[in-house]
Amino acid sequence: MESNEMQPKKAKRTFIYTFIVLLYAIVVKIAFFMRIEGRENVPRDRNCVLMGNHQCLLDPVTLALCVPDREIHFMGKKELFENRLLGWVFRKVHGFPVDRGNLDMAAIRTAMGVLKDGDTLGIFPEGTRSKTGHMLPLLGGASLLALKSGCDVVPVYIEGNYRPFRRMTVHVGKPVPMDDLRAGRMNRETCDELTHRIEAAFAQLSNGKSLPAPQTEEQAD
């Protein structure tokens with residue numbers, strides 16, 4: 001399978017992106033006591049796909065703090081782009097829309113183009129924000145994109161709920177191993193296996209906090 005993995009582009013700085021990320025870095029350090037662990041796990045000699053858990057609209061900017069050596073591109077739900085002002089801002093910070101309710105081939109092509117150009121991609125494989133404190137089931141499209149791109153997948157678990165003056169920790173994991181999956185045929189089983197590996201990586205980073213809450217007997221019934 002042809003790989004789109006490339007050396008990351010030389011650090012390019014756009015004013016709005018740099019301003020927002022810099023301002024955000026100051027705010028979260030003061031308001032959330034945020035610290036980031038494992039930045040060294042992000043490959044420096046090639047681009048990659050950052051996959052994060054999703055609970056807040058601030059999560060994309062939190063992902064951006066994990067890779068200060070480059071600007072990353074984000075896939076976001078199309079509803080965020082329907083507001084004229086917000087849509088303009090999202091596009092200025094390298095965001096592009098995806099229709100979560102359908103197989104959005106245009107968004108997939110855009111994402112593949114980002115990686116082929118040597119840029120780093122940030123996505124949230126749950127597809128929507130979780131309101132339970134536990135991660136939702138991961139969508140298979142994220143694994144398909146990772147396999148087709150040939151790029152490393154770096155899991156990022158954001159621990160904390162963005163409440164002022166409550167500590168938050170961002171855990172950046174090592175790339176998920178998948179060379180054996182790429183060596184074989186890409187099919188549903190291959191994508192499912194990679195999804196399981198990504199879920200296991202999140203579980204390890206979060207000490208099990210990412211796993212679904214155990215069902216009670218009433219819920220099971």
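**Exercise 1. Determine whether arginine 70 is buried or exposed, and identify its salt-bridge partner.**

Step 1. Arginine 70 has a relative accessibility of 5% and therefore counts as buried; buried means under 20% relative accessible area, exposed over 50% and partly exposed in between, with a 1.4 Å probe and protein chains only.

Step 2. The side chain of arginine 70 meets that of aspartate 69 in a salt bridge, 3.3 Å from N to O. A salt bridge is a side-chain nitrogen of Lys or Arg within 4 Å of a carboxyl oxygen of Asp or Glu.

Step 3. Aspartate 69, at 29% relative accessibility, is partly exposed. Arg44, Asp69 and Arg70 are linked in a salt-bridge network.

The model is predicted: local features require pLDDT of at least 70 and side-chain atom pairs count only at pLDDT 80 or more, whereas totals for chains, interfaces and linings use all residues. Residues are numbered from 1 along each chain as its sequence is written, and side-chain values use heavy atoms, with hydrogens and water left out.

**Exercise 2. Locate glutamate 71 and state which contacts its side chain makes.**

Step 1. Glutamate 71 is in the loop between α2 (59–65) and β3 (72–77). Helices (H or I, at least four residues) and strands (E, at least two) are DSSP runs, numbered from the N terminus.

Step 2. With a relative accessibility of 3%, glutamate 71 is buried.

Step 3. The glutamate 71 side chain forms a polar contact of 2.6 Å with the side chain of histidine 94. A polar contact is a pair of N or O atoms within 3.5 Å; within protein, one must be able to donate a hydrogen and the other to accept it, and residues adjacent in sequence count only if both atoms are side-chain atoms.

Step 4. The side chain of glutamate 71 also reaches the backbone nitrogen of threonine 14, at 2.8 Å.

**Exercise 3. Describe the aromatic pair of phenylalanine 33 and phenylalanine 165.**

Step 1. The structure holds four aromatic pairs. The ring centres of phenylalanine 33 and phenylalanine 165 are 6.4 Å apart and the planes stand at 50 degrees, so this pair is tilted. Rings of Phe, Tyr and Trp (its six-membered ring) pair if their centres lie within 6.5 Å; planes under 30 degrees apart count as stacked, over 60 as edge-to-face and the rest as tilted.

Step 2. Phenylalanine 33 is in the loop between α1 and β1 (35–37), and phenylalanine 165 in the loop between β6 (152–159) and β7 (169–172); the pair therefore ties together parts that are 132 residues apart in sequence.

Step 3. Phenylalanine 33 is partly exposed at 35% relative accessibility, whereas phenylalanine 165 is exposed at 60%.

**Exercise 4. Identify the buried residues of helix α5 and the elements that cover them.**

Step 1. In α5 (residues 140–149), the buried residues are Ala142, Ser143, Leu145, Ala146, Leu147 and Ser149.

Step 2. Their cover includes β2 (48–52), α4 (105–116), β5 (120–123), β6, α6 (179–183) and α7 (188–205).

How values were computed:
Contact = heavy atoms within 4.5 Å.
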